[in-house]
Amino acid sequence: MSSSDTDSTSQGTSTRPYLIRALHDWCTDNGFTPYLAVYVDRSVQVPMEYVKNNEIVLNVSFEATSQLQLGNEFIEFKARFGGTAREIIVPVDHVIAIYARENGQGMAFPVPNSLASDLDAPEDDVQGQEPAFASREGEASDRSPLRLAAAKPEDAAAGSGDPEGGQEPPPAGGGRPTLRRIK
């Protein structure tokens, strides 16, 4: 076994999926609504019409989703968006935060190095816009997940309490979910 093999095995698996599950449980046990903030690229399967600046906020409560699986590699569930059932698949390493809608308590995660290097490249992104945040050595930008919070409870893209994983249609103004910066 080479020294690089030893280094990778001594670190173990990522703690991110375990922390996501723990915070999801904490939200559920306390009657809060768990929201996920997700960095969106081509490997994420979400309704693109709700993506803004390569980000989407998803309500992952049991009331808003069906067949929710919080796995080690992927978070998968079905939810209604604008009255249409959709299958959602999010790689765990694309989750940039999980928090309670009611009080904002939760945890933000750093962007993995593989995604951070993609953000530095001037390639086309999902919406043809600038990436939502940039991660540089120890530096949090104004758009970092540590400074993001849901603007309003209704801004989350999935679910509104329908046991079938439903969601009310977006507001008549055609508004999309937004995040606001907290400085």
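A residue is called buried here when its relative accessible area is under 20%, exposed when that area is over 50%, and partly exposed in between, with a 1.4 Å probe and protein chains only. The structure is a predicted model, in which local features need pLDDT of at least 70 and side-chain atom pairs count only at pLDDT 80 or more, while totals for chains, interfaces and linings use all residues. Residues are numbered from 1 along each chain as its sequence is written, and side-chain values use heavy atoms, with hydrogens and water left out.

Strand β1 belongs to an open sheet of 4 strands, whose order is β2-β1-β6-β7 and whose pairing is antiparallel; two strands are taken to pair if DSSP finds at least two bridges between them. At the edges of this sheet stand β2 (55-59) and β7 (106-108), each of which pairs on one side only. From one strand to the next the twist averages 20°, where axes are lines fitted to C-alpha atoms, for helices over the stretch in contact, and angles run from 0 to 180 degrees between N-to-C directions. On one side, β1 (residues 34-39) is joined to the antiparallel strand β6 (residues 95-100) by 5 bridges, and within this pairing Y35 stands opposite Y99, while V38 stands opposite V95. The pairing of β1 with β2, likewise antiparallel, also has 5 bridges, and L36 has L58 in β2 as its bridge partner.

Helix α2 (residues 16-29) packs on a sheet by touching β1, β6 and β7, and its direction makes about 20° with that of β6; contact here means heavy atoms within 4.5 Å. Within this helix lies H24, which is buried, with a relative accessible area of 1%. When neighbours within four places in sequence are left aside, H24 is in contact with P34, V60, S61, F62, L68, L70 and I98. The loop between β6 and β7 contains Q105, which counts as partly exposed at 45% relative accessibility.

The interior can be described through nonpolar cores, each a set of buried Ala, Val, Leu, Ile, Met, Phe, Trp, Tyr and Cys residues joined through side-chain atoms within 4.5 Å. The largest such core has 24 residues, of which V46, L58, I75 and V90 touch the most other members. At least two residues of this core come from each of α2, β1, β2, β3 (66-70), β4 (74-81), β5 (84-91) and β6, and the largest share, 4 residues, is supplied by β4. Apart from this core lies another, of 8 residues, including A37, A97, Y99 and V111.

Finally, the aromatic rings deserve attention. The whole structure holds 3 aromatic pairs, where rings of Phe, Tyr and Trp (its six-membered ring) pair if their centres lie within 6.5 Å, planes under 30 degrees apart counting as stacked, over 60 as edge-to-face and the rest as tilted. The ring centres of W26 and F32 are 5.3 Å apart and their planes are at 50°, so this pair is tilted. W26 is partly exposed at 29% relative accessible area, and F32 is partly exposed at 23%. Y35 and Y99 form an edge-to-face pair, 5.9 Å centre to centre with 75° between the planes, and this pair links strand β1 to strand β6 across 64 residues. Both Y35 and Y99 are buried.
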